[in-house]
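Here is a friendly briefing on the side-chain links in the structure below. Have a look at it first, and then we can go through the pairings together.

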Amino acid sequence: MNHNNNNQSIIASDVSSAIVTAAKGFARRHKVITFSYVYGIFILGTIMLIGSGTKLTFDQQRQYNQIMNSIDLQAEYTAASKYHTAYANYYQSKGWVSCDAHCQHYKSIMDRRKNEWEAIKAEGNARMSDAKSVAGLFSEVG
């Protein structure tokens, strides 16, 4: 019985040393891949340690909140609602193959509403970008 237990430990150490030898051989043959893998693990570990980013100072938090509060979300919701209503009207008026004058009228309304909505979204995204630039790239909100 003791003889079997001894053989198992020898086999286990042989397998582990074979794995280590194979890993060393791979690392020597493929230096770029190995470096990239180790570098990626290091960066991932660094990101995990940093966590959610650097804390904002009081002034940064105040400026960030001031800019974010200037974004008119209600205008964006209203513009989106108007666009979707215009799209529904256009969709209901168009035919299978063609779009007559009635349909073209609804299509022009839909296009105008879409442009209005996109302009409001672009303005909101620009303000959000400004707010994030105040906070910084590695901050908890950047």
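With which residue does lysine 107 form a salt bridge? The partner is aspartate 111, and the closest N and O atoms of the two are 3.4 Å apart. Please keep in mind that this is a predicted model, in which local features need pLDDT of at least 70 and side-chain atom pairs count only at pLDDT 80 or more, while totals for chains, interfaces and linings use all residues. Residues are numbered from 1 along each chain as its sequence is written, and side-chain values use heavy atoms, with hydrogens and water left out.

**Salt bridges**

- A search of the whole structure finds four salt bridges, the term meaning a side-chain nitrogen of Lys or Arg within 4 Å of a carboxyl oxygen of Asp or Glu.
- Side chains of opposite charge can pair when their charged atoms come close.
- Helices here are DSSP runs (H or I, at least four residues), numbered from the N terminus.
- Helix H5 also holds glutamate 123 and arginine 127, again four residues apart and separated by about one helical turn; their salt bridge has its closest N and O atoms 2.9 Å apart.
- In helix H3 (residues 58–69), aspartate 59 and arginine 62 are three residues apart, which puts about one helical turn between them, and their side chains meet in a salt bridge at 4.0 Å, N to O.

**Exposure of the bridge partners**

- Lysine 107 is partly exposed at 28% relative accessible area (buried means under 20%, exposed over 50%, and partly exposed in between, with a 1.4 Å probe and protein chains only), and aspartate 111 is partly exposed at 30%.
- Glutamate 123 counts as partly exposed at 42%, and arginine 127 is partly exposed at 29%.
- Aspartate 59, at 47%, counts as partly exposed, as does arginine 62 at 45%.

**The disulfide**

- The count comes to one disulfide, defined as a pair of cysteine sulfur atoms within 2.5 Å.
- This disulfide joins cysteine 99 to cysteine 103, with an S to S distance of 1.8 Å.
- The torsion about the S-S bond of cysteine 99 and cysteine 103 is about -100°, so the disulfide is left-handed.
- Cysteine 99 is partly exposed, with a relative accessible area of 24%, whereas cysteine 103 is buried at 0%.

Methods. Helix = DSSP H or I, 4+ residues; strand = E, 2+ residues; numbered from the N terminus.
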